[in-house]
Amino acid sequence: MLLKSTTRHVHIYAGYVVDGEVHPDTETLTLNVDPDNELEWNDAALAKVEAKFQELVANAAGEDLTEYNLRRIGSDLEHFIRSLLMKGEIGYNLNSRVRNYSLGIPRVNHS
């Protein structure tokens with residue numbers, strides 16, 4: 001059985017991906033950030049999300065690998081991504097097919 005956690009902007013799988021197909025593996029966690037391209041990313045912001053993911057996984061070391069624990073990590077990452085958006089380090093992709101502003105209404109500077 002494939003263990004996974006999916007939030008709007010974070011998908012975590014207990015497995016690895018080969019040719020677009022997920023293969024269950026309890027020794028490997030795979031992170032997919034913003035699969036719908038709702039946000040505009042830069043390399044620095046993605047690196048921060050990946051580092052936060054590694055930190056959360058390390059903090060959970062020794063715990064059983066369960067969907068609950070994966071959901072906790074996914075939820076913490078979702079909050080972290082929201083903080084990046086609120087700081088202006090990432091933004092909404094206004095060309096995305098998905099525009100529901102799930103992390104909050106975009107800020108607009110008035111002239």
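This is a predicted model: local features need pLDDT of at least 70, side-chain atom pairs count only at pLDDT 80 or more; totals for chains, interfaces and linings use all residues.
Ser5 belongs to strand β1, which covers residues 4-6. Because its relative accessibility is 2%, Ser5 counts as buried, the cut-off being under 20%. Beyond its neighbours within four places in sequence, Ser5 is in contact with Val10, His11 and Ile12, and also with Leu70, Arg71 and Gly74.

Leu70 leads on to the largest pocket, where Leu70 is one of the lining residues. This pocket has a volume of about 180 Å³. Its lining also includes Thr26, Leu29, Val57, Asn69 and Ile73, together with residues from Ala60 to Leu65. Two elements, β3 (21-33) and α2 (67-87), each give two or more residues to the lining, and α2 provides the largest share, with 3 residues. By class, the lining comprises 7 nonpolar, 3 polar and 2 charged residues.

The chain as a whole has 2 helices and 5 strands, arranged along the sequence as β-β-β-β-α-α-β. Its C-alpha trace spans about 55 × 30 × 25 Å along the principal axes. Of the 111 residues in the chain, 32% are buried. Contacts between residues at least 6 apart in sequence join residues at least 24 apart in 54% of cases. The accessible surface of the chain is about 7100 Å², and carbon and sulfur atoms account for 48% of this surface.

How values were computed: Residues are numbered from 1 along each chain as its sequence is written. Side-chain values use heavy atoms; hydrogens and water are left out. On a 1 Å grid over the protein atoms alone, a cavity is a set of points where a 1.4 Å probe fits but cannot get out, and a pocket is an open set with protein on both sides within 12 Å along at least five of seven lines; lining residues have an atom within 4 Å of a point. Grid points are joined across faces, edges and corners, and a volume is the space filled by probe spheres set on the points. Helices (H or I, at least four residues) and strands (E, at least two) are DSSP runs, numbered from the N terminus. Ala, Val, Leu, Ile, Met, Phe, Trp, Tyr, Cys and Pro count as nonpolar, Asp, Glu, Lys and Arg as charged, and the others, Gly among them, as polar. Buried means under 20% relative accessible area, exposed over 50%, partly exposed in between (1.4 Å probe, protein chains only). Contact means heavy atoms within 4.5 Å. Accessible areas come from the Shrake-Rupley method with a 1.4 Å probe; for residues, only the protein chains shown count as cover.
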